[in-house]
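Hi everyone, thanks for coming. Today I'd like to walk you through one structure, step by step, so please have a look at it with me.

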Amino acid sequence: MNLLMCPVCREQLKLTERTWRCDNQHSYDVAKQGYVNLHVVQHKHSKQPGDTPESVQARRTFLTAGHYAPLQQAVVSKIRQLRIENLLDIGCGEGYYTNAMQAEVMQCVGVDIAKNAVQVAAKLNKLVTWVVGTGAVLPVRDETIDLCTSLFSPIPQAEILRVLKPQAHLLVVTPAAQHLYAMREALFEEVQPHEPEKFVSQLSAEFNLVDEQLIQAPLHLNQEDLKALIAMTPYAYKAKPEKRLALEQQAQFEVNAAFQIYVFQKR
Ligand SMILES: C[S@@+](CC[C@H](N)C(=O)[O-])C[C@H]1O[C@@H](n2cnc3c(N)ncnc32)[C@H](O)[C@@H]1O
Ligand SMILES: [Zn+2]
């Protein structure tokens, strides 16, 4: 089944050789790294949207060290339980989770607005359809997807509803209240707990919450991993530079990660 949609005319795209084409002769070549750019100029608001190359690299360093493996495994096992065919990962970033999710499904599409992230992701797994695109106009056909995932990424509700099959699922991962609390205390004068429940109320008009799980992971960080963790979060630019520098001097740092997984079902 062809899942991708032409971002110009909204017809389905078909792959021949290394080019995706619609019946109206719009065409999109697969880049040599193995991804396709469906982020057309009509839908673009900035020249280099999404995460910066620095934060993409930092995330790759940190995730490859395995610190968030408990979350990756928990997400994979939720997907296994759902027994689905087509998965769309929105805001796939450099692909750490998408890569692991692919093995559980028939077709897996990873989409992110940051080209540099998708370029890095595409090297991980040739079986994923890696796409540069925007959540504002998901480059995916109506009612073709069994599960949308959004891990720490935007949740474009109307577009998600459009691409999901009836009664299909949406899996959201977001920081739990105490996520990286000690690190935030070191970086900011005042620390507010995260409020994951706000996603449940935001989605409640169109989705039922069918499952939730709190995942906790104690992190024992060396200096390199600590720096990478700071660089891959918004704290990198939100914290005062002197606070950030002081924290980055630490040779070791202990902090708890805590994630909320929500599984919703479209009504
Ligand atoms: C915090 S990162 C999470 C990446 C990945 N899911 C992970 O957990 O490692 C958020 C991602 O959302 C992407 N993003 C932001 N706005 C987007 C949009 N409008 N459409 C698609 N992706 C977007 C960013 O480029 C970034 O890669
Ligand atoms: Zn077209």
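I'll start with the sheet, move on to some helices, and finish with a loop residue and the ligand. Keep in mind that this is a predicted model.

So, the sheet. Strands of a sheet pair through backbone hydrogen bonds, either parallel or antiparallel. Here we have an open sheet of eight strands with mixed pairing, and the order is β4-β7-β6-β5-β8-β9-β11-β10. Which strands stand at the edges? They are β4, residues 35-37, and β10, residues 207-222. Each has a single partner strand, so one side of each is left without a neighbour in the sheet. On average, neighbouring strands of this sheet are turned by 20 degrees against each other, ignoring direction.

The pairing of β4 with β7, residues 129-132, is parallel and runs over three bridges. If you find V36, its bridge partner in β7 is V131.

Now the helices on the sheet. Helix α2, residues 69-82, lies across β8, β9, β10 and β11, and runs at about 155 degrees to β10. Helix α8, residues 223-232, also packs on the sheet, where α8 touches β10 and β11. The direction of α8 makes about 145 degrees with that of β10.

Let's turn to a loop. E143 sits between β7 and β8. Leaving out residues up to four places away in sequence, E143 touches L164 and K165. V109 is 34 residues away from E143 along the chain, and their C-alpha atoms are separated by 14 Å.

Last stop, the ligand. There are 19 residues around ligand 1, and those that come nearest are G50, G91, G93, A114 and G135. By class, that shell has 10 nonpolar, six polar and three charged residues.

Conventions
Residues numbered from 1 in each chain as written. Chains lettered and ligands numbered in written order. Predicted model: local features only at pLDDT ≥ 70, side-chain atom pairs only at ≥ 80, totals over all residues. Near = placed C-beta within 6 Å. Nonpolar A, V, L, I, M, F, W, Y, C, P; charged D, E, K, R; others polar. Pairing = 2+ DSSP bridges. Helix = DSSP H or I, 4+ residues; strand = E, 2+ residues; numbered from the N terminus. Axes fitted to C-alpha atoms, helices over the stretch in contact; angles between N-to-C directions. Contact = placed C-beta atoms within 7 Å.
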